[in-house]
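Visitor: I am new to this structure. Please give me a close look at a single part of it, with its surroundings.

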Amino acid sequence: MLEIRSLSRHFGDVRAVDDVRLKVDEGELVEIIGRSGAGKSTLLSLINRLVDPTAGRNVTALKGHELRLWCAQSAMIF
Ligand SMILES: Nc1ncnc2c1ncn2[C@@H]1O[C@H](COP(=O)(O)OP(=O)(O)OP(=O)(O)O)[C@@H](O)[C@H]1O
Ligand SMILES: [Mg+2]
């Protein structure tokens with residue numbers, strides 16, 4: 001299960017991801033759709049830790065083995 005609350009990533013004045021809440025249950029398939037620039041890639045990059053959030057408690061606290069485990073469990077199709 002994946003749960004996100006109040007996740008944000010801003011690039012200067014650009015609010016690429018702004019206070020996002022998302023819950024995906026195990027086995028559930030979710031599509032992230034939106035216009036170009038809506039923040040889809042940034043959201044996925046936040047989830048798989050390619051990008052650090054501006055705000056929001058998430059897996060950024062993970063280090064070492066726990067972080068590697070998390071990265072192995074999350075994937076992104078560019
Ligand atoms: N590294 C960055 N530096 C500055 N601005 C960025 C950066 N990455 C994304 N942005 C900006 O954040 C916003 C969201 O971009 P993002 O790439 O997440 O959108 P997208 O929904 O994936 O778009 P597309 O459908 O074109 O792939 C855009 O305004 C983009 O210009
Ligand atoms: Mg994209």
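Visitor: How many helices and how many strands are there in the protein? After that, please take me through helix α1 and what lies around it.

Guide: Start with the count. The protein has two helices and two strands. Keep in mind that this is a predicted model. Read from the N terminus, the elements come in the order β-β-α-α. The protein has 78 residues, and 29% of them count as buried. Its accessible surface is about 6,000 Å². Carbon and sulfur atoms hold 52% of that surface. Now take the contacts between residues with a separation of 6 or more: 44% of them join residues 24 or more positions apart.

α1 covers residues 40-47. Which of its residues are buried? They are Thr42, Leu43, Ser45, Leu46 and Ile47.

Take Leu43 first. Leu43 sits in helix α1. Leu43 counts as buried because its relative accessibility is 8%, and the cut-off for buried is under 20%. Which residues does Leu43 touch, leaving out those up to four places away in sequence? The answer is Leu7, Val17, Val20 and Ile32. Along the chain, Leu43 and Arg9 are 34 residues apart, yet their C-alpha atoms are separated by 8.2 Å.

Next comes Ser45, also in helix α1. Is Ser45 buried or exposed? With a relative accessibility of 9%, Ser45 counts as buried. One of its polar atoms lies 2.8 Å from the backbone oxygen of Ser41.

β1 spans residues 2-11, and β2 spans 14-24. How do they run? They are antiparallel, and seven bridges join them. One bridge pairs Leu7 with Val20 in β2. Both Leu7 and Val20 are on the list of residues that Leu43 touches. Between β1 and β2 are two residues, and together the two strands make a hairpin. Gly12 lies in the turn, with a positive phi of about 65 degrees.

Stay with phi for a moment. Most residues other than glycine have a negative phi. Ser6 is a case to note: its phi is positive, near 50 degrees, and it is not a glycine. Ser6 belongs to strand β1. Ser6 is partly exposed, with a relative accessible area of 36%. Arg49 is another case. Its phi is also positive, about 75 degrees. Where is Arg49? It lies in the loop between α1 and α2. Arg49 counts as buried because its relative accessible area is 18%, under the 20% cut-off.

Last, turn to ligand 1. Which residues are around it? They are Phe11, Val14, Ala16, Arg35, Ser36, Gly37, Ala38, Gly39, Lys40, Ser41 and Thr42. By type, this shell has four nonpolar, five polar and two charged residues. α1 gives the largest share, three residues.

A polar backbone atom of Gly37 is 2.8 Å from an oxygen of ligand 1. For Gly39, a backbone N or O atom lies 2.9 Å from a ligand oxygen. Thr42 uses its side chain instead: a polar atom there is 2.6 Å from an oxygen of ligand 1. How much of the ligand does the protein cover? On its own, ligand 1 has 630 Å² of accessible area, and the protein covers 53% of that. Which elements give two or more residues to the shell? They are β2 and α1.

Thr42 belongs to both pictures: Thr42 is buried in α1, and a polar atom of its side chain lies 2.6 Å from a ligand oxygen.

Methods. Residues numbered from 1 in each chain as written. Chains lettered and ligands numbered in written order. Predicted model: local features only at pLDDT ≥ 70, side-chain atom pairs only at ≥ 80, totals over all residues. Heavy atoms only, no water. Near = heavy atom within 4 Å. Polar contact = N/O pair within 3.5 Å; in protein donor to acceptor, adjacent residues only side chain to side chain. Areas by Shrake-Rupley, 256 points an atom, 1.4 Å probe, with all protein chains shown as cover. Helix = DSSP H or I, 4+ residues; strand = E, 2+ residues; numbered from the N terminus. Nonpolar A, V, L, I, M, F, W, Y, C, P; charged D, E, K, R; others polar. Pairing = 2+ DSSP bridges. Buried < 20%, exposed > 50% of the residue type's maximum accessible area, 1.4 Å probe, protein only. Contact = heavy atoms within 4.5 Å.
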